[in-house]
Amino acid sequence: MTKTRTLTLLLAVSVSATATAQTRTRPFGTLREQAALQQSWLEKRLKTVLPGLMRKHGIDMWVIPMREYMEDPTFTSLVSPTTFAARRRTIYVFFDTCAADKRTDPGDGSCVERIALGGTSQGGLYEAVRSTQAVTAAVGGRQAELWGDAQWQVLKDVVEQRKPSVIGINVSRTFAFTDGLTAGEMEGMNTALGSTWTSKYKRAEELPLEFIATRLPEEEAFYRRLQNVVWTLIGRMYSTEVIKPGVTKTSDLVWWWRQQVNDMGLDTWFQPSIDVQRKGVSAEQLGDDPIIQKGDVLHCDVGITALRLNTDTQHMAYVPLDGETDAPPGLKQALKNANRLQNVLFEEVRPGRTGNEILASTLAKMKSEKLDGTMYSHPIGMHGHGAGPLIGLWVYQEGLPRRGDAKVVPSMWYSSELQVTTPVPEWNGQPVRVAQEEDFIIDKDGKLRWAIRRQMAWHLVM
């Protein structure tokens, strides 16, 4: 074989190996491919989800002003994946022409006007209004940026031309997701519009909450793929590939997770955590960063962010003692008890019920079945702790005024987060806390299913 041919073959092998490595570390394709998928979701959400929600909540015009680096919480639900900030100021205006004219909505998104004052068209999904006068410059072709009071005057013109009956604004003392209108933006808008139009204001608390929370079937299909990545990484982390009993600290697993996610070109919305329970040893004795030993029970709380969607997962693992090939029966029963509380939650969650109603009925069943546990589940999706009703918090098991009074809606996602503590005979009756967190889907018909599956057997580090 000639030297030239040898070099050519070596180069081909190197390129092939590089391509294979890139495929492995890009589970969802390139950024460009991911952006195209996200853009298709955005278009469908604006055309099929938003119109119905505006009518449901009696709002024919929704006005969302925001400034750069002080974006409204709805921002990521309204813009393309190539838009990272509001750029000086952007005012998004949505107006339901069919409701105003009492026309039937054909369902193709044509009823609701989408206007971006000072923003871009977001790939043709908005009418972009950037200026009311041409730039005075030697080079023509671009309009000046809307700035300061000029934007508010354009907003006033938009409002007066359409004469809305109700103007929805994002103001709330309960939900952060619906409280995006800052004091300064409110002041500027009020001054420009005057009492004629400010008298039409309605706090649009439930509209942004439900718009952020509502997910598409196409997003669910992707979410299953994302959950597969989560489960695969947890399986690797809870193995002797990563854990060396007597050597590995819990902090090593935390940073292993962060690095693996980063190397895939993905992100996480919170710092992962790993904790240990050990027979005959208290949490105080273990300390903040213990070395993992054989016989330990491990608990992780991990998440991944991809394509603006988030996961939240807690799984348990056991590090077998020498001679063991499985977790002791007492630990298996402890996991079954946590699985039972998951079942109870599934029995109680349904559209139309509030978080507080679900919490009360779940805790009543838990008490009747003598499960020593805690319920603190939350919506998930565009945010890790997502928009919608909370079903308890760690230290609030009596219900949450207002934040727990929101209602479950179809097509939203939840993170089933809970714990059950069970005395384990093999640990001389020492209580073991089994915390489980698994994401689940409430479909458009109100039926529940796990995003992928749930943990029903202990991960074994062996």
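Contact, in these legends, means heavy atoms within 4.5 Å. The views come from a predicted model, in which local features need pLDDT of at least 70 and side-chain atom pairs count only at pLDDT 80 or more, while totals for chains, interfaces and linings use all residues. Residues are numbered from 1 along each chain as its sequence is written, and side-chain values use heavy atoms, with hydrogens and water left out.

Welcome to the loop between strand 3 (112–117) and strand 4 (127–129), where Gly118 lies; helices (H or I, at least four residues) and strands (E, at least two) are DSSP runs, numbered from the N terminus. Gly118 counts as buried, because its relative accessibility is 8% (buried means under 20% relative accessible area, exposed over 50%, partly exposed in between, with a 1.4 Å probe and protein chains only). Setting aside neighbours within four places in sequence, Gly118 is in contact with Arg87, Arg89, Thr90, Val129, Arg130, Leu146 and Gln151. From C-alpha to C-alpha, Gly118 and Ile91 are 6.7 Å apart, although 27 residues separate them in sequence.

Arg87, one of the contacts of Gly118, has phi near 55°, a positive value in a residue other than glycine. Arg87 sits in the loop between helix 3 (75–78) and strand 2 (89–96) and is partly exposed, at 49% relative accessibility. Gln122 is not a glycine either, yet its phi is positive, at about 55°. Look for Gln122 in the loop between strand 3 and strand 4; with 3% relative accessibility, Gln122 counts as buried.

**View C. The nonpolar cores.**
A nonpolar core is a set of buried Ala, Val, Leu, Ile, Met, Phe, Trp, Tyr and Cys residues joined through side-chain atoms within 4.5 Å. The largest one here has 62 residues, and Phe94 and Trp257 have the most contacts inside it. Helix 8 (residues 217–237) supplies the largest share of this core, 8 residues. Apart from it lies another core, of 41 residues, with Met316, Ala338, Met375 and Tyr414 among them. If you centre on Trp257, you will find that it touches Val230, Leu233, Ile234, Met237, Pro272, Val302, Gly303 and Ile304, not counting residues up to four places away in sequence.

Arg215 belongs to the loop between helix 7 (206–213) and helix 8. At 3% relative accessibility, this arginine counts as buried. Its side chain makes a polar contact with the side chain of Glu219, at 3.0 Å (a polar contact is a pair of N or O atoms within 3.5 Å; within protein, one must be able to donate a hydrogen and the other to accept it, and residues adjacent in sequence count only if both atoms are side-chain atoms). Beyond neighbours within four places in sequence, Arg215 is in contact with Arg45, Leu309, Gly381, Met382, Ser411 and Trp413.

**View E. Salt bridges across the chain.**
The structure holds 25 salt bridges, each a side-chain nitrogen of Lys or Arg within 4 Å of a carboxyl oxygen of Asp or Glu. In one of them, the closest N and O atoms of Arg55 and Asp105 are 2.8 Å apart. Arg55 lies in helix 2 (residues 31–56) and Asp105 in the loop between helix 4 (97–101) and strand 3, so this pair ties together parts that are 50 residues apart in sequence. Arg55 is partly exposed at 33% relative accessibility, and Asp105 is partly exposed at 25%.

Glu185 and Arg67 form another salt bridge, with closest N and O atoms 3.1 Å apart. Glu185 is in helix 6 (residues 183–198) and Arg67 in strand 1 (residues 61–67), so the pair ties together parts 118 residues apart in sequence. Here Glu185 is buried, at 1% relative accessibility, whereas Arg67 is partly exposed, at 35%.

The side chains of Glu220 and Arg449 meet in a salt bridge of 2.9 Å, N to O. This pair links distant parts of the chain, 229 residues apart: Glu220 in helix 8 and Arg449 in strand 16 (residues 448–450). Glu220 is buried, with a relative accessible area of 10%, and Arg449 is partly exposed, with 36%. Elsewhere, salt bridges that share partners join Arg340, Glu347, Glu348, Arg353, Lys365 and Glu369 into one network.
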